Amino acid sequence: MLLEKIESLLKEVSTLTASNADEIEQLRLKYLSKKGEINALMADFRNVAADQKKMVGVKINELKQLAINKINELKQQTETVESQKDDIDLTRTAYPIPLGTRHPLTIVKNEIIDIFRRMGFTLADGPEIDDDLHVFTKLNFAADHPARDMQDTFFIEQSANDVTKNVLLRSHTSGDQAHYMETHQPPIRIICPGRVYRNEAISARAHCFFHQVEGLYIDKNVSFTDLKQVLLTFAREMFGAETKIRLRPSYFPFTEPSAEMDISCFICGGEGCGFCKHTGWVEILGCGMVDPNVLEACGIDSKVYTGYAFGMGVERITNLKYRVSDLRMFSENDMRFLKEFEAAN
Ligand SMILES: [Zn+2]
């Protein structure tokens with residue numbers, strides 16, 4: 001009789017279910033409390049014959065252990081379910097979430113884009129990981145030309161026998177222009193903003209990545225005069241209506257003739273001060289007429305079309321506009337620095 005009862009209780013206990021803590025407590029009382037079923041067995045145990053006592057005792061212990069394990073198991077199950085129910089993210093910022101500020105480079109980049117958009121330029125985009133063909137070769141950098149050293153970058157794949165197949169991080173956004181010219185015929189009037197990379201030691205004045213906005217205009221009868229007028233308009237919009245510009249001869253592989261553009265110092269108005277190193281002028285960008293070799297390499301007839309191109313560093317313009325003295329501050333994520341630009345939004 002007692003053995004049968006133990007067997008049936010074993011079966012019963014092994015199939016117990018409960019959906020909350022109250023039900024589990026009820027089960028604990030029913031089986032494991034002083035007045036519970038298992039303790040009740042002990043009363044009958046006294047009447048078991050001496051030679052069977054050991055075997056029955058083992059069975060009762062087995063039942064008791066099963067009941068304890070089962071109830072613990074049920075407890076764990078319901079706790080997991082409960083904790084999944086209230087899915088609270090304790091790392092989340094408390095309300096009200098403070099409003100952030102735009103990054104100074106974004107503010108200035110948007111301002112540059114806005115000025116050129118009003119002059120009819122549209123945005124073009126390109127890959128940050130590009131091939132040598134678009135970043136250098138099509139832009140009139142010969143394979144062994146020292147001009148490549150001016151723009152040493154980071155290589156992802158280097159081809160053993162064909163330099164144009166090298167895969168690299170773009171060193172300027174002019175690569176975007178090469179892609180655009182391949183797929184579009186003039187008139188082309190685009191600006192290409194984006195991040196670029198250079199193999200440079202990081203210092204207050206140089207970084208291994210920075211941002212550019214480059215412009216390209218190709219059409220019939222485009223002349224240097226057009227370039228000068230567009231850049232003068234840009235300089236006056238960006239730095240004030242009194243701004244003067246000057247162009248100094250320079251060299252870039254992809255433009256001929258090429259020039260560096262300075263603006264009159266907006267601190268001293270051209271009188272000469274510490275900021276402009278007492279010259280009255282501050283350098284802001286490079287420009288020139290697109291070399292016919294570039295047009296031909298990108299599938300545009302250089303006998304029919306001419307064009308100009310210019311490129312500026314967003315960091316450079318931001319440094320001038322907001323007097324930031326150390327390039328590294330732009331990428332350090334220091335909230336104290338970023339908060340300075342709250343009002344510039
Ligand atoms: Zn000055």
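The following dialogue explains how several descriptions of this predicted model follow from their definitions.

Guide: Residues are numbered from 1 along each chain as its sequence is written. Because the model is predicted, local features need pLDDT of at least 70 and side-chain atom pairs count only at pLDDT 80 or more, while totals for chains, interfaces and linings use all residues.

Visitor: How is the protein chain divided into domains?

Guide: The bounds come from an automatic or database domain assignment. Domain 1 covers 1–83 and domain 2 covers 104–340. Their C-alpha centres lie 81 Å apart.

Visitor: How many helices and strands does the chain have?

Guide: Helices (H or I, at least four residues) and strands (E, at least two) are DSSP runs, numbered from the N terminus. The chain has eleven helices and ten strands.

Visitor: Why is α3 called roughly antiparallel to α4?

Guide: Axes are lines fitted to C-alpha atoms, for helices over the stretch in contact, and angles run from 0 to 180 degrees between N-to-C directions. Angles under 35 degrees count as roughly parallel, over 145 as roughly antiparallel, 65 to 115 as roughly perpendicular and the rest as oblique. The axes of α3 (residues 37–45) and α4 (residues 53–85) come within 11 Å and cross at roughly 175°. That angle therefore makes α3 roughly antiparallel to α4.

Visitor: Which residues of α3 and α4 meet?

Guide: Contact requires C-beta atoms, placed from the backbone, within 7 Å. I38, L41 and F45 in α3 meet V56, I60, L63, K64 and A67 in α4. By class, this contact has seven nonpolar, no polar and one charged residues. Here Ala, Val, Leu, Ile, Met, Phe, Trp, Tyr, Cys and Pro count as nonpolar, Asp, Glu, Lys and Arg as charged, and the others, Gly among them, as polar.

Visitor: What is the arrangement of α1 and α3?

Guide: Helix α1 (residues 2–14) and α3 pack at an angle of about 170°, with their axes 11 Å apart. The angle makes α1 roughly antiparallel to α3. L2, K5, I6 and L9 of α1 make the contact with E37, L41 and D44 of α3. This contact has four nonpolar, no polar and three charged residues.

Visitor: Why is N140 called buried?

Guide: A residue is buried if 20 or more other C-beta atoms lie within 10 Å of its own, exposed if 12 or fewer, and partly exposed in between. N140 has 21 other C-beta atoms within 10 Å, so N140 is buried. N140 lies in the loop between α6 and β3 (155–157), and has a positive phi of about 75° although it is not a glycine.

Visitor: Is N333 buried or exposed?

Guide: N333 has 9 C-beta neighbours inside 10 Å and therefore counts as exposed. N333, in the loop between α10 (314–322) and α11 (335–339), has a positive phi of about 55° although it is not a glycine.

Methods
Contact = placed C-beta atoms within 7 Å.
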